[in-house]
Amino acid sequence: MKRLAILVLFDPEGIVDDYVIYLLNETKKIAAKILVVSNGMLSAVGRDKIREIQVDYIERENEGFDMEAWKVGLLSYKEKMDEYDELILMNDSFYGPIYPWEEVFSKMEADRTIDFWGLTVHGKTDDVLGLCPYGYIPEHLQTYFLVIRAKMLHARVFKEYWENKNTAKSFEEAVLQHEVCFTKYFSDMGFKWSVYCDTREWEHDYDKKINHYLLSQRKLIENFHYPVLKRKALTQGRGYFLEENYGDEPKRSLTFIKDKTDYNTTLIWQHLLRTNNITAIKEGLGLNYILSSDDVFDDSKIGLVKIALIIHLYYRDLIEECIGYVRNLPDYVDVYITTDTSEKMGIIASFTKMITNVKDIRLVDGRGRDLAALLVGCNDVMNKYDILGFIHDKKSKRMGQSIAVGSAYFHALWDNMLCDRNYIRNIFKTFIENPCLGFLTPPPPCHGEYKKFQGEFWTICFDKTLELAKKLRIESSHIKLEYPPIALGSVFWCRTKALSDVFGYEWAITDFPQEPLGDDGTISHAMERIFPFAAQNQGYYSGWLMHVDFAANEIENIKCVIQGAPFRRRLINYVKKNIPHTLYPVVGIMWKLVKSVIMVVRRI
């Protein structure tokens, strides 16, 4: 079987990611010739990567989307097309193959009566935009991967189909011109089609046809050996999935691929982290690491991994309690403690004299508080270790809060970082088992005055964070106001490589403001928000870290905050009583606009 494969590639920066190179190398096993058509100019490095694997390529202006690129590729092989038995049309919108292409093509070879086939199919639906020439959206193969066999490939009508296609001016127009109509058009011409993952039986009694490569992705991959994972499946947004399921399809799919297949999920993470906001990634994949104290991690698996914890202690009356947490650490974790007076150093020394893994107690300048203690006072420590923890005491009374608010936040941070020995060992296990994980932090608070933020923790720090990113040479295009920061409180476990942009900067005490430190908007407040972006810049993802007991309670806290917000609750009740349900989408848009205005006002 002599096959020609045409892959459409698009990247705004002209980058050719490693997942694309893997896809091309795997496709070479089933195709005699591969042509890459790039919508847009490739970078010099990208061009070299394509040349290195010895496939043909064309660079063109980014217009007409996939359809126009396939047309260009087909016309360039117009005189040679009769040499091929099959044509593969695909784009770079998926990761894979998760399973070998040989397995996929072998299954489809069983029926030689079909003339074209695809991986997935979408059911017949209403044309809500009123743009489809059929007056409805017909049942159709999804065109990110199509195989055309000889009878149809060599037919005059197939050549005319492409020659007569006009350049689409919008994405919707491109979809309607090609994907929506392709299957019915050639079926009406007498060509027979089939699908690798046939989900049509699932929809007999269901009027609303859904995108199964998104909403049923795990089932397709696990039970039907669906060979790809659509990029969109990991970036669609949790709200989309909550319309049909619990929002866990993306994470379950990625976990299955990692644990049960030979596909290297690092290829997915490399691209995902390069092209998306880290908060959106975390929300979409539910990157919450909820660990228990029951599982016992085999410390021998630590191997040559070097681990340290840096602690900054300021409040004299919290020293004894904090040192109690230090006793939970395994012996192989080196501990460094900083404080700002000689008196406190003596108190700390008296409490730690029997703790053998406390390597140093350091006197640091009080300016810059905990972050200066870490970045200036311990700048010689970080690069000696592979995994590093950082924590400090807390007794916040900001924003008119009672002392109980700060105390609760203090205990939440320390319990989720150091509650007991088995839990801490399981944190290390998590890093070892997830090589692309770079940063873990307890979730931001949702009690006291923090409730008013409703997760919008940029406060007035957004511009300051962008300024800090520029200073540290961290890519800032993914720092977006609409995605609240993951990290707050500057308490974390990390791979030191993940924060090399922060740790490698030559910090001076004068980089930090003098006391009294403002409640918000300083470089210190920007710093606690920037850590996940620094990790992303080095190719690592971030997540929230919680003890299972804390998480069980936090679920109810979040539910209470969401349902109990007085203004929101009154607005919802008013809408239900006074506005027809057909206008709910309009109200939703208005509500988003109001939230956007509130965020802008906070920035000002």
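What is the volume of the largest cavity? In this predicted model, the largest cavity has a volume of about 130 Å³. The structure holds two cavities of 30 Å³ or more.

Sorted by class, six of the lining residues are nonpolar and four are charged, while no polar residue takes part. Two helices, H3 (65-76) and H6 (156-163), each supply at least two residues of this lining. Of the contributors, H6 gives the most, with four residues.

Eight strands form an open sheet with mixed pairing, and their order is E14-E21-E19-E20-E18-E15-E16-E17. Strand E14 (288-291) and strand E17 (358-363) are the edge strands, each pairing on one side only. On average, neighbouring strands of this sheet are turned by 20 degrees against each other, direction ignored.

Within the sheet, strand E15 (residues 307-312) pairs with strand E16 (residues 333-339) in the parallel sense, and six bridges join the two. One of the residues to look for here is leucine 309, whose bridge partner in E16 is valine 335.

Notes: Residues are numbered from 1 along each chain as its sequence is written. This is a predicted model: local features need pLDDT of at least 70, side-chain atom pairs count only at pLDDT 80 or more; totals for chains, interfaces and linings use all residues. Side-chain values use heavy atoms; hydrogens and water are left out. Two strands pair if DSSP finds at least two bridges between them. Axes are lines fitted to C-alpha atoms, for helices over the stretch in contact, and angles run from 0 to 180 degrees between N-to-C directions. On a 1 Å grid over the protein atoms alone, a cavity is a set of points where a 1.4 Å probe fits but cannot get out, and a pocket is an open set with protein on both sides within 12 Å along at least five of seven lines; lining residues have an atom within 4 Å of a point. Grid points are joined across faces, edges and corners, and a volume is the space filled by probe spheres set on the points. Ala, Val, Leu, Ile, Met, Phe, Trp, Tyr, Cys and Pro count as nonpolar, Asp, Glu, Lys and Arg as charged, and the others, Gly among them, as polar.
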